Protein chains: 2
Amino acid sequence: MKKLLISIALTGLSLHASAEALFNPTQLKQVAEIRQQAMQSPLAYEILTSLTTEIGPRYPGTENDKLAVKWAQDKFNHLGFDKVWLEPANFPDWRRYSESGKIISPSEQPLHLTALGNSVSTPKSGITADVVIFETLEELKAAPANAAKDKIVFINYRMNRDIDGNGYGPAVQARNSGAVEAAKKGAIGYMMRSVSTSHHRFAHTGGSHYQEGTSKIPTVAIANPDADQVARLIALGNPVKVNINVQAEDLGQGSGFNVIGQFNGAETPEQYVLIGGHLDSWDLGTGALDDGAGVALTMAAAKFINSVQRPKRSIRVVLFAAEELGLWGAKDYAKAHKKELSNIVAAAESDFGADVVYAFESNVSAASLPIVREIAKQLAPLNIEYIGRNKAGGGPDLIPLKNTASIPVFSLHQDGTDYFDYHHTADDTLDKVDPAKLQQNAAAYAVFAFMAADAPYAIRGK
Amino acid sequence: MKKLLISIALTGLSLHASAEALFNPTQLKQVAEIRQQAMQSPLAYEILTSLTTEIGPRYPGTENDKLAVKWAQDKFNHLGFDKVWLEPANFPDWRRYSESGKIISPSEQPLHLTALGNSVSTPKSGITADVVIFETLEELKAAPANAAKDKIVFINYRMNRDIDGNGYGPAVQARNSGAVEAAKKGAIGYMMRSVSTSHHRFAHTGGSHYQEGTSKIPTVAIANPDADQVARLIALGNPVKVNINVQAEDLGQGSGFNVIGQFNGAETPEQYVLIGGHLDSWDLGTGALDDGAGVALTMAAAKFINSVQRPKRSIRVVLFAAEELGLWGAKDYAKAHKKELSNIVAAAESDFGADVVYAFESNVSAASLPIVREIAKQLAPLNIEYIGRNKAGGGPDLIPLKNTASIPVFSLHQDGTDYFDYHHTADDTLDKVDPAKLQQNAAAYAVFAFMAADAPYAIRGK
């Protein structure tokens with residue numbers, strides 16, 4: 001936090017100088033009104049409740065995915081968006097049918113596990129084998145060629161908890177490619193400690209990959225308490241045998257839709273602020289945190305803006321498809337809009353749960369920074385600090401856009417301390433969302449999007 | 001807490017007067033040594049780790065139950081108990097094979113459920129029906145005769161959280177007899193909100209009963225977030241259809257053992273202090289809180305006493321069988337020892353998790369109270385308050401004993417605020433136990449048991 005405060009101090013001088021020039025008193029009054037309305041409105045939580053209750057899980061390609069698309073169109077229309085439309089999105093379709101696991105010896109015990117996305121099936125009776133433990137993916141890679149011959153590899157690496165989720169990256173490598181490395185050492189199955197900070201018995205799913213030329217072996221994650229148990233049993237020195245049963249299917253190419261709603265700008269409607277989240281979720285929970293919250297709060301934010309003042313530029317809410325399977329909706333959006341990405345004057349995706357926004361950061365041209373600082377000033381009443389380093393990531397679904405063109409992106413950094421207690425588990429449900437915190441998020445997006453859309457000149461990327 | 005403080009104030013006067021007469025300085029020094037040793041020893045946690053790791057779940061009648069009996073004998077012997085023996089226990093044997101559930105409409109969503117103990121099976125494909133909601137068991141009872149005809153009854157009653165678990169009693173009635181009342185109203189299945197304070201997606205199992213002459217219908221509990229979801233869906237006004245699948249079996253009479261270890265008293269070994277817990281657990285978790293903790297801390301407490309001073313009377317640790325199915329081991333113990341229950345000079349079962357002991361209460365003859373007050377005085381350094389009302393329950397497995405004879409019982413009241421977050425769920429695992437709190441429990445039992453066993457005269461029941 002100290003670093004953030006220094007950033008504010010350093011940028012404080014310029015904040016003051018340009019204040020009145022960029023946004024006039026009427027605009028600033030409108031900002032205050034939007035912020036206040038958002039902080040008092042239950043709308044975002046109502047939208048989230050509707051999505052997670054009436055649809056529930058929204059795994060790409062499923063019937064629920066189709067229901068969610070219909071739900072989103074209806075909701076945009078009901079909220080009075082000027083334009084509501086679908087854009088096709090294609091993705092590799094995979095389906096989980098069933099999964100279970102148990103320790104067989106030294107004594108029979110249930111194992112709480114979940115298949116990683118893309119896992120092949122086991123035979124109907126599962127696979128049964130002794131477990132060989134590695135503390136890290138690196139340790140597995142460094143092991144001799146036959147180190148896991150006919151065994152089930154278990155990687156015991158535990159993710160760290162932190163406000164910005166920085167423990168996720170190092171942990172997730174074992175999810176992405178653990179099964180490949182295990183197969184290279186002769187393993188017949190792969191099992192990892194969940195990429196999760198939870199001490200409850202929920203396994204964490206997520207994308208995983210196979211490699212051409214390496215045999216595809218079933219790949220699962222086990223809950224933290226189960227990983228503790230397996231590690232303790234192995235430490236006792238006797239063989240530990242487990243059974244893993246996964247029934248899943250690769251369905252080839254699937255298709256769905258990005259769902260888009262727009263309030264048109266009053267002066268240059270072709271220019272737009274892009275906010276949004278991803279509509280899809282994993283199949284285990286109801287995707288309240290990941291990413292129902294992002295969907296709901298950005299829809300609500302656009303509505304709050306429009307009910308106070310239509311800005312110069314458009315506000316476009318994009319609900320991306322199939323993010324969980326590899327940003328597929330975002331890739332198709334980037335392709336479809338390739339030639340007009342310069343119309344984006346600001347982009348921010350909310351996809352990190354529903355805890356408070358504690359910091360605001362841009363990634364824009366130097367010439368755009370005075371506007372950014374004005375926005376930061378109007379976010380301060382929401383207890384949001386300004387990070388001046390100008391290196392914001394902007395959210396996962398913006399990656400394909402950033403790879404295609406120079407677009408101005410923003411991060412409204414959320415407190416992610418508890419996010420990985422729920423992320424990609426069955427426990428990601430509505431009750432994990434605090435309505436007051438969701439309001440603060442919606443208010444932050446509304447203030448940011450309105451000011452970016454109504455700024456005296458268009459914000460540009462680096 | 002206020003009530004407790006008043007109790008202490010009222011009993012404080014008499015505490016002081018009799019202090020030196022009852023326990024001599026050597027005894028008090030031994031008490032201090034036992035207390036200190038217990039507070040520094042990892043023994044209880046080591047025993048608990050061994051039981052929950054090497055055996056895991058210990059459902060009566062299973063292979064793990066047999067392993068646990070062997071484990072307990074070995075552990076008693078290893079700890080140097082003078083006598084270790086088994087006593088037969090019989091119980092109604094029921095086995096859970098599989099269970100699953102889903103909401104079918106308005107959209108398909110998984111339901112996290114567990115069968116209640118004793119549930120009949122559904123057909124192989126489960127039962128599918130619309131849900132009819134009742135807020136309480138009383139509301140169901142008061143409904144017209146055909147109110148749930150061909151439906152699945154859902155009781156939405158939510159358990160209250162409190163330090164002494166007083167929310168359990170009112171909630172558990174719907175578990176015991178909900179299926180009977182639902183069947184009387186024409187239901188084909190029964191589903192209740194879990195008797196649980198958890199906001200995680202774990203369903204709570206537990207005993208349930210059928211009634212002669214009323215049809216037996218499958219009976220399950222759903223996790224709190226799932227109960228929220230079903231209630232929200234019903235509130236939307238459209239029919240909510242669910243599928244419940246339970247495969248279970250009534251195996252008739254099963255058998256197992258109470259496992260007993262004793263350190264013999266130096267002067268009147270036939271008289272004994274009875275401490276203990278129940279060795280069995282539900283099948284979902286590893287029974288760390290319920291009741292591995294009680295097993296471990298009472299075994300350790302006896303060992304601490306013996307390593308400092310052998311008291312006048314014996315210390316007997318009884319690990320009861322099949323408590324979860326209805327106190328069956330305790331009933332058989334009461335029967336087997338019917339004629340010599342007057343040998344029990346104090347009894348206390350630990351069966352309320354592993355949080356700290358915060359209060360001490362007796363249920364003894366008036367003549368025994370001076371000893372009780374001396375014990376209370378030696379528990380005070382462990383931050384344990386004395387409750388002077390002299391109405392202690394003593395723990396579930398003492399009920400059959402109390403029903404058979406007047407025995408002096410004690411409650412070492414544990415903080416149960418979080419207990420029902422884990423109780424009877426898959427999430428009852430070792431990581432939920434704080435080793436320091438377990439030490440405090442073991443110290444409390446050691447101090448209490450030593451003083452009761454070494455008191456100048458035998459404590460008697462009312």
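**Interface, ring pairs and a buried helix**

In the contact between the two chains, 36 residues come from chain A and 36 residues from chain B. The structure is a predicted model. The size of an interface is often given as the accessible area lost when the parts come together. Between chain A and chain B the buried area is about 2500 Å², and 55% of this is given by carbon and sulfur atoms. Of the area that chain A buries against chain B, 21% is supplied by A:Thr53, A:His200 and A:Arg201, which is more than any other three residues supply.

Polar contacts were also examined across this interface. There are 25 residue pairs in polar contact across the interface of chain A and chain B, with both residues at pLDDT 80 or more, whereas the rule finds zero salt bridges there. On the side of chain A that touches chain B, at least two residues each are supplied by helix 4 (43-55), helix 5 (63-78), strand 2 (109-110) and helix 8 (224-235) of chain A. By residue type, that side of chain A divides into 13 nonpolar, 14 polar and nine charged residues.

Over all chains, the count of aromatic pairs comes to 29 by the rule used. One of these is formed by A:Tyr59 and A:Trp282, with 5.6 Å centre to centre and 45° between the planes, and is classed as tilted. A:Tyr59 is in the loop between helix 4 and helix 5 of chain A, and A:Trp282 is in the loop between strand 9 (268-278) and helix 9 (288-308) of chain A, so the pair ties together parts that are 223 residues apart in sequence. Both A:Tyr59 and A:Trp282 are buried.

In chain B, the ring centres of B:Phe81 and B:Phe263 are 4.1 Å apart and the planes are at 25°, so this pair is stacked. Because B:Phe81 lies in the loop between helix 5 (63-78) and strand 1 (83-105) of chain B, and B:Phe263 in strand 8 (residues 241-263) of chain B, the pair ties together parts that are 182 residues apart in sequence. B:Phe81 and B:Phe263 are both buried. In chain A, ring pairs also link A:Phe360, A:Tyr386, A:Phe410, A:Tyr445 and A:Phe448 into a cluster.

Helix 11 (residues 369-379) of chain B is largely enclosed by the rest of the structure, because nine of its 11 residues are buried. Among the buried residues of helix 11 of chain B are B:Leu369, B:Ile371, B:Val372, B:Ile375, B:Ala376 and B:Leu379. B:Arg373, B:Glu374 and B:Gln378 of this helix are also buried.

Definitions and conventions: Residues numbered from 1 in each chain as written. Chains lettered and ligands numbered in written order. Predicted model: local features only at pLDDT ≥ 70, side-chain atom pairs only at ≥ 80, totals over all residues. Heavy atoms only, no water. Contact = heavy atoms within 4.5 Å. Buried area = accessible area lost by both parts, 1.4 Å probe. Salt bridge = Lys/Arg side-chain N within 4 Å of Asp/Glu carboxyl O. Polar contact = N/O pair within 3.5 Å; in protein donor to acceptor, adjacent residues only side chain to side chain. Helix = DSSP H or I, 4+ residues; strand = E, 2+ residues; numbered from the N terminus. Nonpolar A, V, L, I, M, F, W, Y, C, P; charged D, E, K, R; others polar. Phe/Tyr/Trp six-rings, centres within 6.5 Å; stacked < 30°, edge-to-face > 60°. Buried < 20%, exposed > 50% of the residue type's maximum accessible area, 1.4 Å probe, protein only.
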